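Biologist: Please walk me through reading a model feature by feature, giving me the general idea before each case.

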Amino acid sequence: QQAGELAVKTFIESFTRIDGDIKDCMRTALEEADAAIASDKEKNPMLSEMGCTLVAVWVVNGEVYWASVGDSPLWLIRNGALKRLNEDHSMRPLLEGLVELGRMTPEELETDKRSNVLRSALKGDELALVDVSSMKDSLQPGDVLVSASDGLETLSTEAIRDIVVEN
């Protein structure tokens with residue numbers, strides 16, 4: 001919890017202070033959030049395992065930009081279809097690749113404990129994977145953006161879509 005609060009606070013302070021290209025500002029804000037976590041860990045060795053994921057979204061004139069580290073998803077719901085926008089920095093996409101190659105079954109994937117292991121997170125170390133990107137097209141009337149922790153993914157994509165659309 002402490003890492004998440006610190007990362008969000010630092011990201012917002014940094015992003016709102018910096019001028020320039022939105023993606024560059026987001027990348028810098030992520031780096032500053034990661035550095036803030038490193039600083040806290042240096043001050044208190046009891047926090048040595050502290051870390052978090054982060055998804056930040058900026059919408060300007062219908063254009064959607066995001067920065068993310070970790071496995072917390074950012075989805076777009078358009079015309080009833082749910083589409084993940086940001087990259088998943090857990091082991092799951094790599095294991096899904098093994099399923100596609102026939103080296104693992106879908107059933108093995110669902111029970112594999114490595115699936116939720118993060119390949120990147122804000123931990124005060126060098127950021128292994130960062131997704132700073134934007135949508136190719138603008139938001140359309142009726143579009144919905146959903147950002148959540150990876151825990152929401154215990155539901156099916158259909159259930160997530162239905163919950164959001166109904167509310």
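Modeller: Happy to! Let's begin with Ser115, which sits in the loop between helix H4 (106–111) and strand S5 (131–134). Helices (H or I, at least four residues) and strands (E, at least two) are DSSP runs, numbered from the N terminus. This is a predicted model, where residues are numbered from 1 along each chain as its sequence is written, and side-chain values use heavy atoms, with hydrogens and water left out. Local features need pLDDT of at least 70 and side-chain atom pairs count only at pLDDT 80 or more, while totals for chains, interfaces and linings use all residues.

Biologist: Is Ser115 buried or exposed?

Modeller: Buried means under 20% relative accessible area, exposed means over 50%, and partly exposed is in between (1.4 Å probe, protein chains only). Ser115 has 4% relative accessibility, so it counts as buried.

Biologist: Which residues is Ser115 in contact with, leaving aside its neighbours within four places in sequence?

Modeller: Contact means heavy atoms within 4.5 Å. On that basis, Ser115 touches Ser90, Met91, Arg92, Leu95 and Leu109.

Biologist: Let's move to a helix. How does the span of H1 agree with its number of residues?

Modeller: The expected span of a helix is 1.5 Å times one less than its number of residues. H1 has 16 residues and should span 22 Å, and its end C-alpha atoms are 22 Å apart, which agrees.

Biologist: And which residues of H1 are buried?

Modeller: Here is the general idea: an α-helix has 3.6 residues a turn, so residues three or four places apart point the same way. In H1 the buried residues are Ala3, Leu6, Ala7, Thr10, Phe11, Ser14 and Phe15. Looking down the axis of H1, these residues fall within an arc of 145°, so they line one face of the helix. That arc is taken from the directions from the helix axis to the C-beta atoms. Lys9 and Thr16 are exposed on the other side of H1. The buried residues of H1 pack against helix H2 (22–43) and S1.

Biologist: What joins the side chains of Ser14 and Glu32?

Modeller: A polar contact of 2.9 Å. The term covers a pair of N or O atoms within 3.5 Å; within protein, one must be able to donate a hydrogen and the other to accept it, and residues adjacent in sequence count only if both atoms are side-chain atoms. Ser14 is buried at a relative accessible area of 1%. Beyond its neighbours within four places in sequence, Ser14 contacts Thr28, Ala29 and Glu32.

Biologist: How many aromatic pairs does the structure hold?

Modeller: A pair of aromatic rings is described by the distance of the centres and the angle of the planes. Rings of Phe, Tyr and Trp (its six-membered ring) pair if their centres lie within 6.5 Å; planes under 30 degrees apart count as stacked, over 60 as edge-to-face and the rest as tilted. The structure holds two such pairs. The rings of Phe11 and Phe15 have centres 5.9 Å apart and planes at 10°, so this pair is stacked. Phe11 and Phe15 are four residues apart in helix H1, so about one helical turn separates them. Phe15 is buried, with a relative accessible area of 12%. The rings of Phe15 and Trp58 have centres 5.1 Å apart and planes at 65°, so that pair is edge-to-face. Phe15 lies in helix H1 and Trp58 in strand S1, so the pair ties together parts that are 43 residues apart in sequence. Trp58 is partly exposed at 38% relative accessible area. Phe11, Phe15 and Trp58 form one aromatic cluster.

Biologist: Finally, how many disulfides does a search of the whole structure find?

Modeller: A disulfide is a pair of cysteine sulfur atoms within 2.5 Å, and the search finds zero. Cys25 is buried at 4% relative accessible area, and Cys52 is buried at 11%.
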